[in-house]
Amino acid sequence: MPEISRFDVLMGDVNDILCAVNLLDWDARTGMPAAGAVGRGRQVATLTGLARDLATGDAMRAALDEARRALAGAPPGDPRRRAVDDAGTAVAALRRLPAALVTEAADLKTRAAAAWVEARRADDFAGFRPWLERTVAIRREWAEALGYADHPYDALLAQYEPGMTLARLRPLYAALSAGLRPLLDRALAAPQPDTRFLERRYPVEDQRAFAMLVAKRFGFDAARGRLDDTVHPFEISMGRDDVRITGRFREDWLPGGLFAVWHEAGHGLYEQGVDPALSRSLATTDLLNLYAVAGASFGLHESQSRLLENRVARSHRFWQLHFGELRARFPEQLAEADADLFWRAVNRVRPSLIRVEADELTYDAHIMMRTEIEAALIGGELAVGDLPGAWADGMRDGLGLCVPNDREGVLQDVHWATGLVGSFPTYTLGNVMGAQIFAAAVAAPEVANGLERGDYGPLRHWLNRHVHRHGRSRTPTEILRDATGSDLDPSIYLGQLAAKVDRLAA
Ligand code: ZN
């Protein structure tokens with residue numbers, strides 16, 4: 001279609017720049033010396049500013065007008081017409097954000113992330129507080145510029161999960177809390193496995209090799225991706241053929257590194273699985289967030305990682321199939337364990353301080369608490385200086401725990417340091433959607449049979465057909481409806497957790 005080619009070319013240019021930003025970001029979080037943070041912040045800010053200028057400039061405006069005219073006769077469902085309409089909406093929102101604010105946010109996030117690493121290491125909230133105060137101020141201004149109906153937090157939340165609001169989230173949270181509480185009580189009343197064998201000495205290289213072996217079986221294509229070490233594991237891509245996943249291995253805690261890699265591999269499958277025809281287009285570009293990504297939303301992205309990590313790799317069948325291979329690598333450390341004990345150990349339920357290490361029954365309590373704190377920060381009801389106190393209250397009320405220090409409290413997550421205010425709910429949304437999508441997938445006999453014999457190809461193909469290949473060409477709601485036949489429904493997730501508790505308590 002030559003009439004829309006100028007739009008296609010410009011979108012490709014924007015995507016190229018944002019992929020370069022992703023590479024700089026990946027490097028900043030894996031190999032960059034700490035001293036590079038100031039320069040890197042400037043580089044990221046300059047490139048992000050260029051992407052913004054391209055997306056909101058006169059050439060894009062003219063290209064969009066030209067494309068709209070060319071596609072005026074196309075039916076409403078035409079994917080090219082839809083891409084042009086969606087780009088127009090995102091560009092209009094982006095234009096409402098002051099250019100100086102976008103550039104400052106991009107610069108700040110790289111330097112603040114480096115400051116966070118140091119503050120977390122030193123348990124120094126006071127040192128990190130100025131960074132966080134500026135971040136919250138920027139995001140409050142950001143929310144006002146984007147606009148909202150009810151609560152300023154909604155403007156930020158919708159950036160990560162289109163259509164989501166606090167008013168929709170709170171009843172979902174209430175249903176989850178009500179369903180999770182009795183499951184947690186039941187799991188805690190059951191005999192707990194002795195998990196000390198997981199804390200023996202497990203050489204990191206052997207952990208990494210096993211983690212990658214399984215990730216490849218899940219379908220992660222190592223010829224189009226790689227695994228590196230980081231402080232806070234993440235996945236980021238420079239297009240479908242260069243997908244980086246990261247892990248954090250600890251010699252004295254076997255599950256941490258393994259499950260982190262399989263989680264990130266779930267994200268990686270999404271990015272590697274997008275239709276090649278969608279490369280360098282709006283369907284692989286989050287224009288509003290100025291971020292190159294194929295996932296339709298943060299929540300849907302998370303659904304794919306949670307599904308692989310929790311529904312597959314924490315399943316009883318998975319360890320029946322693969323425990324023998326793991327023990328062959330660590331024969332002394334795992335001498336007294338068997339598949340059933342290992343499965344129980346990696347599903348041990350125990351309220352804990354650290355979100356990324358939380359079990360499935362307490363994980364969402366961490367998210368609900370963060371959501372209310374974020375909303376209060378953005379709504380102006382909570383000052384940054386009062387965060388440690390709010391955190392302590394939230395952990396006491398939500399999980400009955402005392403927070404001994406900020407390192408294991410408010411400083412544990414990288415999100416706010418990188419400007420991601422409003423993204424935490426997408427983890428719980430990912431849990432809920434992942435459960436629904438998994439239930440729909442295993443209803444297909446070839447997927448269920450594959451999982452039974454340790455062949456993960458049919459699951460990956462199903463996920464690719466229903467989720468991955470579409471990239472951002474459909475909304476998360478459309479993808480969820482098409483894949484599962486329903487909208488967000490926490491009962492599927494609660495049902496899967498109840499089945500697990502039944503088995504753990506048996
Ligand atoms: Zn994730």
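## A helix pair and a pocket

In this predicted model, helix α8 (residues 166-189) and helix α16 (residues 425-442) have axes that come within 12 Å and cross at roughly 60°. The two helices are therefore oblique to each other. The crossing of α8 past α16 is left-handed. On the α8 side, the contact is made by Leu169, Leu172, Tyr173 and Leu176. On the α16 side, Pro425, Thr428, Leu429 and Val432 take part. By class, the residues of this contact are 7 nonpolar and 1 polar, with no charged residue.

Now to the empty space. Rolling a probe the size of a water molecule over the atoms shows where such space is left. The second largest pocket holds about 1,200 Å³. Its lining has 48 residues. Nearest the centre of this pocket lie Ala83, Asp86, Ala87, Leu282 and Arg472.

Which elements supply the lining of the second largest pocket? At least two residues each come from α1 (5-30), α4 (79-96), α7 (152-160) and β4 (285-286). Helix α4 gives the most, with 11 residues.

| Class of lining residue | Number in the second largest pocket |
|---|---|
| Nonpolar | 24 residues |
| Polar | 13 residues |

How values were computed:
Residues are numbered from 1 along each chain as its sequence is written. This is a predicted model: local features need pLDDT of at least 70, side-chain atom pairs count only at pLDDT 80 or more; totals for chains, interfaces and linings use all residues. Side-chain values use heavy atoms; hydrogens and water are left out. Axes are lines fitted to C-alpha atoms, for helices over the stretch in contact, and angles run from 0 to 180 degrees between N-to-C directions. Helices (H or I, at least four residues) and strands (E, at least two) are DSSP runs, numbered from the N terminus. Angles under 35 degrees count as roughly parallel, over 145 as roughly antiparallel, 65 to 115 as roughly perpendicular and the rest as oblique. A crossing is left-handed if the near helix is turned anticlockwise from the far one by less than a right angle, and right-handed if clockwise. Contact means heavy atoms within 4.5 Å. Ala, Val, Leu, Ile, Met, Phe, Trp, Tyr, Cys and Pro count as nonpolar, Asp, Glu, Lys and Arg as charged, and the others, Gly among them, as polar. On a 1 Å grid over the protein atoms alone, a cavity is a set of points where a 1.4 Å probe fits but cannot get out, and a pocket is an open set with protein on both sides within 12 Å along at least five of seven lines; lining residues have an atom within 4 Å of a point. Grid points are joined across faces, edges and corners, and a volume is the space filled by probe spheres set on the points.
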